[in-house]
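Please look over the model shown below, and then read the short report that follows.

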Amino acid sequence: MKEITTTKRGVMNKNLLGRVKASRKALIAAMALTTIASMSIIVSNGPASAASKKIRGSVSIWAEWTSTEQQDFKAVLQPFEDSTGITVHYTGKGSNMDTALDAAVAGGSPPAVALVPDPGTLDTLAAKHAIKPLASILGTETKNFGTAWSTLATYKKKLYGVWFKAANKNTVYYNPAVFKAAGITSTPTSWSQLLTDETTIANGGTYAPVSLCTDIGWPVADLFQNLFLKLNGAAAYNQLATHTMKWSSPDVTSTFAEMAQLVGAGGANLLGGMKGALADGSWPACTTSVFPASGSPTAAMVFEADFLTSNVPSNYSPGNGSSCTLSATASPCYDTFNFPAPSGSAFAGDIQGSGDVAMLLTSTPQSKALIKYLASPGAADIWANLGGFASANNKVPLSSYPDTVAKADAKALTSAKAFVFSLDDLQVGWEPQLWADMLNVLQNPAASNVTTVEALMDQQATTALGH
Amino acid sequence: MTSITAEGPRLATAKASRHRGWWRRNWVSLAFIAPGIIWLLAIVVYPTIATIRFSLYDESATKFVGLHNYASVFSTDSILTAFKNNIIWVLVFPFFVTFIGLMVAVLTERIRWATAFKAIIVMPIVFSTTASALVWRTIFDLDPHVGVVNAIEQTVSDWFSTPGAYPLNSAIGQTAASLAAFNATGGTAGTVVSKSAVQPGGTVMMGLTRISSATLQTLGAQTPVAPQIMAGGIAGLVWNDFSPSQTSNTTTIVSDEHGLPNLRLSLVNSTGSSVASTVTNSSGDFSFSHVAPGSYHVEILASNFQTSFVGTFWLGPQSITPTSGLNQTAQSLLSVPLIDLAMIISYIWIWAGFAMVLIGAGLAALNREVLEAAEIDGATEWQTLRRVTIPMLAPVLTVVFVTMVINVLKVFDIILNMAPGSSQGPATTLALSIYNDGFTGGIHSGIASAIAVILFILVVPAMLWNLKKIKGGNS
């Protein structure tokens, strides 16, 4: 009974923060109850009286999340603290997470549990024996994650991590009302259909097919990566990521050629042409022409990862309903579709993205209980309800997500046939140069320039990666 | 500070009693300067040594790599670009800012309300560079509706070529031919001509696409009406052949399509010369009456599609490159990114006031007798300035110049805030490279430290020279 009241208090707090809609209140309370029910199994390993279930003590956990995400993650931890009596000390390290953890491990005082945003750190720490294998600790919870995700958390055949939060870079955001105005009734499911739809939108004359994010080149790299993955598959993608495949390979060249088609000659498919894309393509300004806060949209689509949702103004509602209008002040909508693969491609289910993986650095009853909790669907469920979150945990019901866009996103993630990490983030030492090279090819996709840039990229990769 | 270093060697050999005596004499002064010394050691000396050390170590700062990071600095394209941009800044900015500062200082001596005028010129120094950069970013914006520079260019451009009723979007490289959809094709010199020939008594229908709904609305376009046969004449229709409800229908008129009004047409005979001209009505219909027998084509004149102005991409990655008689390396070395010029103009706006104040102070301290002597000898204003004022001001001018050289060697915030993402690379400088390599994305403390050391070495001579000059001025 005590647990229930404290949980309710937790919900009340979230209400005070104004982030939980009234309609979701009951659902969250129910979720928290379910979580507590499962908690009792985790922490007691058998039927025991309610009082003796408490482990107490404390545990430290680090992750990159700060501000809103930090509040959401604390809401995830609350039921765990309440039911086990364990005090969780959370530290949000921001974008500094990898460096901070590295230093803490070297200094001999790491947190008990840490979530890092890349699989490379997991491999490095596992090689140093700084993290503990999880298979025996997690037990049946390991089944909550698909093969693509388990593979990414495995080092030398042992499972070392739990992918708690995931991000999907496979998404294309579009304004349904603009699609409708251009006469497109269904979203493209193949690469050629996407190109055809671009022409249709351009023929309409009113909207530019694409508002391209260029920024310092990273959104172009994301676009290239999506295209490369869909054309060549995860195996080739991973070879390119480790530079065992050369940038001068025909697979890369053909991807650049397809990218040029998407962009159109001289940027014909882009809002404001190539100049406009370079001038106004800074993140997140590039999203405002598709989802303007006032007035009418000027472009139909924008390519970026699922975190784009947080840049869509709040008056936009998710989904592709019949009531969607072109006016930003009437009832505008936003929706996504999966970045399409060529029709009949075997790689349509391959997904590119990123995520946060939880690892166990010190083994105590408290830390073991915490990581097992993070692997449970109940923990992910709480954040799923709060929004701005996708889980790789396939036991989290899609109904937990607040809207259709988030549902589709989560479905794509959990059912991914293969999941690859954003390739540019793995290019330690030359990532900014890779971005500059992407901008170069974008502006001049002529075969001779592509050859020159590819040779340069091979040289840069060799210098940075040592092979 | 001087007393400690001077006493240092003596202390080492001194007897214990003298040692104690020294401490007794100086402990009060030492106690007073100790906080300052500790502060300097902690925030200047230690970081400098640590930076030099980092520059000789690998990324994890654990493995000694010698001068490897320095080799990387000089072989990385993006850092070489930074060097080039720094050179451009140093060559252009200090000269112009000193020159403009001098001009303003000399001229404000001769006007009423000089103080108010000076206050306005000095004001930009008070603003944060970030704010100034954002203002100038807007001033140079590509869109003439936003950026005032392009708005001026547009006004001038429109005097010479007025955009047509259906201006092509030259930003996306649109051509008249790309508009042709049904029974239409690109003609000579930007015209669109009907594909099929027509005789008197016949009708012509031409469909165009890629016409924006805003244009149709402005022109009051009505529902298209199929042309009626006209004895001895040619009737026709030009319409926007795009229907949201039937996107694939490109051969017939659909109810939600529009006629294209205000199009200037001419009737061209088989030898290619124009025999009649007309303008389409609000439903896109037109007619030529009393046409002599023969075979004709309808031509939509190029003036209808005269492009609208597209702004100069001042903040873009393109460069002003000398083209003639140079090889590629020389060209890339001599090319000046347009954005560098835009940023230098903005930076002059920020710093001209500072130059003016220093030079103005120098002017006030000038020996008036010499100036009066020049005036009595009949020197013109210009001669006085060139032969008397500037030589006498030379010490002040060089201090301003060198201060500005130091200032732009470390130029940073204006670039970070003024250049759009896509131009950050082409516009980068050494200071910005330190930040990007050392603090964003993958952290490369080794390379960033190496650049910092190089920048330090570049700044030190100018700084020492300036210190000497200022000290010399005092004595």
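Where is helix 10 of chain B kinked, and by about how many degrees?

## Helix 10 of chain B

In this predicted model, helix 10 of chain B has a kink of about 40 degrees, and the kink is centred on B:Trp351. The helix runs over residues 338-364, and its 27 residues, at 1.5 Å a residue, should span 39 Å; the C-alpha atoms at its ends lie 38 Å apart, which agrees with that expectation.

## Chain A as a whole

Chain A has 467 residues, of which 54% count as buried, and its secondary structure is made up of 17 helices and 13 strands. When contacts in chain A between residues at least 6 apart in sequence are considered, 73% of them join residues at least 24 apart.

## A helix crossing in chain A

Helix 3 (residues 67-84) and helix 14 (residues 377-386) of chain A have axes that come within 8 Å and cross at roughly 140 degrees. An angle over 145 degrees would count as roughly antiparallel, and the two helices of chain A are therefore oblique to each other. Their crossing is right-handed. Helix 3 of chain A contributes A:Asp72, A:Ala75 and A:Val76 to the contact, while helix 14 of chain A contributes A:Ala379, A:Ile382, A:Trp383 and A:Leu386.

## Where the chains meet

Between the two chains, 30 residues of chain B are in contact with 33 residues of chain A. On the side of chain B that touches chain A, the elements giving two or more residues are helix 8 (213-219) and helix 14 (421-424) of chain B, and helix 14 of chain B supplies the largest share, three residues.

Key
Residues are numbered from 1 along each chain as its sequence is written. Chains are lettered from A and ligands numbered from 1 in the order in which they are written. This is a predicted model: local features need pLDDT of at least 70, side-chain atom pairs count only at pLDDT 80 or more; totals for chains, interfaces and linings use all residues. Helices (H or I, at least four residues) and strands (E, at least two) are DSSP runs, numbered from the N terminus. The expected span of a helix is 1.5 Å times one less than its number of residues. The bend at a residue is the angle between axes fitted to the seven residues ending there and the seven starting there. A residue is buried if 20 or more other C-beta atoms lie within 10 Å of its own, exposed if 12 or fewer, and partly exposed in between; C-beta atoms are placed from the backbone. Two residues are in contact if their C-beta atoms, placed from the backbone, lie within 7 Å. Axes are lines fitted to C-alpha atoms, for helices over the stretch in contact, and angles run from 0 to 180 degrees between N-to-C directions. Angles under 35 degrees count as roughly parallel, over 145 as roughly antiparallel, 65 to 115 as roughly perpendicular and the rest as oblique. A crossing is left-handed if the near helix is turned anticlockwise from the far one by less than a right angle, and right-handed if clockwise.
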